[in-house]
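Take a look at the structure below.

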Amino acid sequence: MPRLSYAAPTSVPDAIKLLAGAAGLAKVMSGGTDLLVQLRSGRTSPELIVDTKKIPGIVGIRETESGFVIGAATSGAEIGEHAGLCAAYPGIVEATNLIGSTQVQGRASLAGNLCNASPAADSVPAVIASRGVAIVVGPNGQRSVPVEQIVTAPGRTSLAKGEFILEFHLPKPKAHQSDAYLRFIPRTEMDIAVVGCGVSVTLDDNGVCIDARVVLGAVAPTQVVVEAGAKALIGSKLDEAALAALDAAARAACNPINDKRGTIDFRVKVAGVMARRTAAIAFERAGAR
Amino acid sequence: MNFVANKSDLKVVGTRPVRPDGMDKVTGKAQFGADLTLAGTLVGKIKRSPHAHARIVAIDTSKALAIPGVKSVITAADIPDIPSEEAFVGEGPTNFRDQSLNCIARDKVLYEGHAVAAVAATSSAIADAALAAIEVTYEVLPHVIDVEAAMAEDAPILFEGMITQGVDPKPTKASNIVKKVAFGHGDWQAGMAEADVVVEGKYDTAAVHQAYIEPHACIASVNPDGQTTIFASSQGQFMIRQYTAKILGMDIADIRVTPAEIGGGFGGKTIVYIEPLAVAMSRQAGRPVKIVMTRDEVFRASGPTSGGTIEVKIGAKKDGTITGAYAMVKLQAGAFPGSPVAPACMCAFAMYDLKNVMAEGYDVVSNRAKVAAYRAPGAPISTFAVESVMDELAIKLGMDPIDLRMKNAAKQGTKASYGPVFPVIGFEEVLEAAKAHPHWTAPLGPNQGRGVATGFWFNIGGESSASVFVNEDGSVSVVSGSPDIGGSRASMAMMAAEVLGIPYEKVRPIIGDTAQIGITGVTGGSRVTFATGMATTQAAERAVDELKKRAAMIWDISPDAVDWKDGEAVPAGANAGGFDPLPLAAIALKAAKTGGPINAEVSINAQGAGAAFGAHIADVEVDPETGFVKILRYTAVQDVGRAIHPSYVEGQIQGGATQGIGWALNEEYIYDKNGRMDNAGFLDYRVPVASDLPMIEAVLVEVPNPRHPFGVRGVGEVPIIPPMAAIGNAIKAATGMRLVSLPMSPPKVRAAFDAAKG
């Protein structure tokens with residue numbers, strides 16, 4: 001009969017020790033909103049679950065000189081209630097708050113959404129678009145990893161045995177910088193992105209875009225940073241030509257599969273649509289700041 | 001006694017009291033199928049086929065049986081190999097042998113998820129280990145999923161002996177076509193020749209699941225002497241008793257089935273899947289066995305309703321008069337015969353008064369889960385096509401779509417397309433109410449469109465039993481045999497209170513188990529408020545007669561000289577004597593002295609169900625870039641006969657419309673190339689969520705059914721019939737595009753836009 005152990009360490013070293021010392025599969029649990037479902041469905045059968053929520057500082061949001069620190073296990077509900085973060089990164093907040101239901105929001109975390117490594121994760125494109133950095137701790141110490149380098153394939157991350165994410169750092173937003181996230185789902189909520197798109201833009205005083213990041217989700221094995229999409233936006237005030245170029249760039253960046261959630265053709269076309277619509281919201285927000 | 005009371009005379013019927021089961025449900029005390037556990041209960045689980053079609057070469061259960069804690073392992077070898085025998089137990093004709101083979105496969109598995117073995121163990125983990133330890137050797141066979149592919153000459157055959165019935169000459173070769181049906185009158189081809197305009201189209205629909213929130217669940221306990229108790233969630237405790245007895249070769253009297261609260265059924269809980277297995281294992285283990293299906297099992301192995309293809313052709317004169325109508329309906333039955341192709345054909349054109357009409361259909365088996373009844377079985381499928389073609393006809397004729405329907409509407413005296421002549425019906429009243437509703441003329445914005453569609457359902461009567469017990473304090477207990485899936489307990493109490501002339505709160509309704517009340521058919525077909533309501537009303541009338549007799553005894557006058565008024569016995573007139581009224585409670589208190597307890601039980605086979613019609617208006621907004629269809633406004637007009645409890649009638653209409661909207665927009669069974677279902681969960685089988693829908697406005701039209709004491713027609717089925725066409729017609733109005741394939745999901749709508757652009 002398979003056995004499952006559960007531990008809730010109260011310090012980073014203890015957590016690392018447990019994870020690194022596990023003989024079989026060990027899973028890090030933040031909110032558990034993906035992990036528990038996978039356990040029940042039999043998709044994963046770990047030997048050990050390490051619940052990180054008792055580690056001091058891993059739940060909560062701090063505003064610092066250089067920006068924001070979001071604890072890895074901070075729930076979506078707390079993120080949605082943080083006025084400073086909502087003002088600075090409305091795209092990240094709206095993306096995070098789209099995950100699951102109101103009940104799920106009470107538990108679901110950024111680290112969990114990222115490390116579940118689904119191409120369709122909602123918060124991930126938004127965090128990448130705003131150049132979020134994950135602080136990874138493990139047996140070999142601490143390292144800072146741009147969030148786009150965490151997921152390597154569906155269900156796989158670049159984290160080594162014994163490593164887990166402690167927190168996320170977001171830079172202090174510049175003047176006229178803002179972000180947005182949109183996803184396409186066949187319903188209005190309680191669903192998984194068929195296409196997700198995060199866009200961050202910075203404008204000059206005249207409303208011309210001077211910096212941009214465009215990130216797509218659910219259209220390739222991992223989230224895709226659309227460099228050509230950013231180029232299409234930089235130097236523009238989001239005119240028709242820029243939107244058309246962005247649409248084309250987004251479509252070109254897709255590498256989706258046909259599956260029950262959408263065809264290749266549909267995903268590619270909708271990626272262009274979502275990129276345009278998300279960029280328009282990000283521009284409007286940045287202009288208003 | 002047949003009467004349809006004037007609405008103004010009614011004191012309880014037509015009001016909206018609190019439901020008697022409400023407190024249990026909102027406090028979580030209600031006992032659903034999985035909620036009962038007896039001492040020593042074992043966990044029962046089912047081993048299912050991973051293949052869509054395969055021969056079972058061997059099943060080795062020895063390793064599973066050797067696991068400590070495993071108390072029973074069964075296969076088809078442990079239950080009788082019963083002969084083919086027609087059954088009419090649930091909501092449609094079926095066959096006891098098919099039901100047995102669907103519960104557990106014998107020689108072949110016919111769909112992915114088909115049960116091949118079952119285990120009972122002391123824990124869930126041990127049961128899982130036992131399932132994994134059962135070794136099944138399969139010889140995998142070619143499979144076929146779609147209906148037209150299953151009808152093809154070279155299709156893999158599910159049943160070697162299946163010769164299509166209903167075709168002349170009788171075929172000599174086996175096929176997957178179970179039977180052909182045909183309904184109609186006149187000469188439809190001559191009707192087409194008379195037409196100024198002919199519109200035709202081919203439509204298809206996907207298999208969709210009833211998606212009740214509560215999975216199938218039961219607990220069974222067998223004594224060494226064979227006496228068996230079952231507690232289960234279903235639409236009919238007598239249905240479970242009959243199937244279980246037949247499948248296991250038991251005496252019906254040895255089985256007592258107690259109905260659990262039911263967390264939705266919609267027709268899907270009118271056949272058995274797990275109860276015979278639980279009983280067989282309890283018999284082996286000598287302990288109670290509980291089986292609770294997972295959602296995955298519910299999707300893969302319990303009945304969805306059919307998908308199919310429907311070809312429709314309608315011809316009309318320039319003034320809109322329909323001269324001829326034809327439909328060809330091909331429905332998936334799943335792995336065993338029994339798609340709702342007959343009602344699909346019967347309902348297709350029943351809204352209209354037609355001289356020349358024909359609907360033909362094929363019942364076709366394929367390697368899918370056996371279909372089960374789902375709200376107005378078959379009608380939504382054929383009606384989607386017919387009402388889409390009617391919309392095209394209205395466009396072609398330049399006519400208002402409600403006017404076109406009014407021009408051809410069935411009315412009292414119309415010979416229905418499926419045979420009988422309609423008595424009093426309310427279709428014209430429904431169309432008038434739809435046209436007069438402010439929704440029909442409200443303004444629309446860009447990318448928005450409005451559609452209308454109608455639907456018909458017979459409603460049914462059938463066997464029902466009810467008892468009325470007058471308690472010694474004047475309160476009243478009502479027992480019926482009908483599981484309550486739509487608020488029927490409240491309706492039974494209300495009808496009894498109305499007849500007895502006492503407040504609703506003085507009447508407590510319960511649902512009896514199979515040993516407490518007479519045989520009662522399943523809750524389905526929109527029959528309970530009509531048929532069980534009729535039994536309840538008659539039982540209450542008999543109680544009133546008895547109460548009058550007792551009053552006569554107390555007063556020492558003839559029973560004929562006693563009237564019953566507002567819950568009291570009163571002298572019928574001045575000649576009867578000058579007695580003070582005797583309230584029900586006063587008579588009840590003296591019951592022992594006047595002859596004993598005052599009770600009445602009535603068992604009937606109710607006749608005279610009233611057909612019902614609905615018309616739905618849907619407004620949609622279509623996103624041309626993503627294909628997303630948003631429902632902006634939705635109005636459902638329906639002839640309900642008489643609403644006993646209007647809130648539950650509205651709830652039925654809103655629920656039916658919601659399921660129809662899901663059917664229209666997103667719900668579908670998706671299979672991979674191996675014939676395995678790819679979306680067996682609520683994440684990728686998308687029922688509508690609350691935020692997908694506007695408030696659905698239910699408009700109750702009341703054209704009473706003269707055959708029911710209060711005019712009830714039955715309301716549960718009609719509202720699921722019009723939504724698919726109403727939404728398709730609205731999309732057409734918004735975009736100019738005719739979607740012919742369900743679901744009208746975003747990828748399909750976007751592809752239609754792309755195709756239209758060329």
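Among contacts in chain A between residues at least 6 apart in sequence, 60% join residues at least 24 apart. This is a predicted model, and every value here is computed from it. Chain A has 11 helices and 14 strands. Its radius of gyration is 19 Å, close to the 19 Å that the globule rule gives for 289 residues, so chain A is as compact as a globular protein of that length. Along the principal axes, the C-alpha atoms of chain A fill a box of roughly 60 × 45 × 35 Å. Of the 289 residues in this chain, 53% count as buried.

**Where the chains meet**

Three residues of chain B stand out: Glu625(B), Thr626(B) and Arg686(B) supply 25% of the area that chain B buries against chain A, more than any other three residues. The area buried between the two chains is about 2,000 Å². Carbon and sulfur atoms give 56% of that area.

Polar links also cross between the chains. There are 12 residue pairs in polar contact between chain B and chain A, both residues being at pLDDT 80 or more.

**Salt bridges**

Side chains of opposite charge can pair when their charged atoms come close. Over all chains, the count comes to 58 salt bridges. Between chain B and chain A, the count is 7.

| Pair | N to O distance |
|---|---|
| Arg277(A) and Glu625(B) | 2.9 Å |
| Asp684(B) and Arg261(A) | 2.7 Å |
| Asp128(B) and Lys45(B) | 3.0 Å |
| Lys407(B) and Asp319(B) | 3.6 Å |

Start with a pair that crosses between chains. Asp684(B) and Arg261(A) meet in a salt bridge. Asp684(B) sits in the loop between α17 (646-665) and β30 (696-701) of chain B, and Arg261(A) in the loop between α10 (240-253) and α11 (264-287) of chain A. Is Asp684(B) buried or exposed? Its relative accessibility is 9%, so Asp684(B) counts as buried. Asp684(B) and Arg261(A) also belong to a network of salt bridges, which links them with Arg187(A), Asp191(A), Lys260(A) and Arg686(B).

Now turn to pairs within chain B. Asp128(B) forms a salt bridge with Lys45(B). Asp128(B) is in helix α4 and Lys45(B) in strand β1 (residues 42-48), so this pair links distant parts of the chain, 83 residues apart. Asp128(B) is partly exposed, with a relative accessible area of 39%.

The next pair is Lys407(B) and Asp319(B), whose side chains meet in a salt bridge. Lys407(B) lies in helix α12 (residues 401-407), and Asp319(B) in the loop between β17 (308-316) and β18 (322-334), so the pair ties together parts that are 88 residues apart in sequence. Both ends are partly exposed: Lys407(B) has a relative accessible area of 41%, and Asp319(B) has a relative accessibility of 40%.

Note on methods. Residues are numbered from 1 along each chain as its sequence is written. Chains are lettered from A and ligands numbered from 1 in the order in which they are written. This is a predicted model: local features need pLDDT of at least 70, side-chain atom pairs count only at pLDDT 80 or more; totals for chains, interfaces and linings use all residues. Side-chain values use heavy atoms; hydrogens and water are left out. Buried area is the accessible area (1.4 Å probe) that two parts lose on being put together, summed over both. A salt bridge is a side-chain nitrogen of Lys or Arg within 4 Å of a carboxyl oxygen of Asp or Glu. A polar contact is a pair of N or O atoms within 3.5 Å; within protein, one must be able to donate a hydrogen and the other to accept it, and residues adjacent in sequence count only if both atoms are side-chain atoms. Helices (H or I, at least four residues) and strands (E, at least two) are DSSP runs, numbered from the N terminus. The radius of gyration is taken over C-alpha atoms; the globule rule is 2.2 Å times the number of residues to the power 0.38. Buried means under 20% relative accessible area, exposed over 50%, partly exposed in between (1.4 Å probe, protein chains only). Contact means heavy atoms within 4.5 Å.
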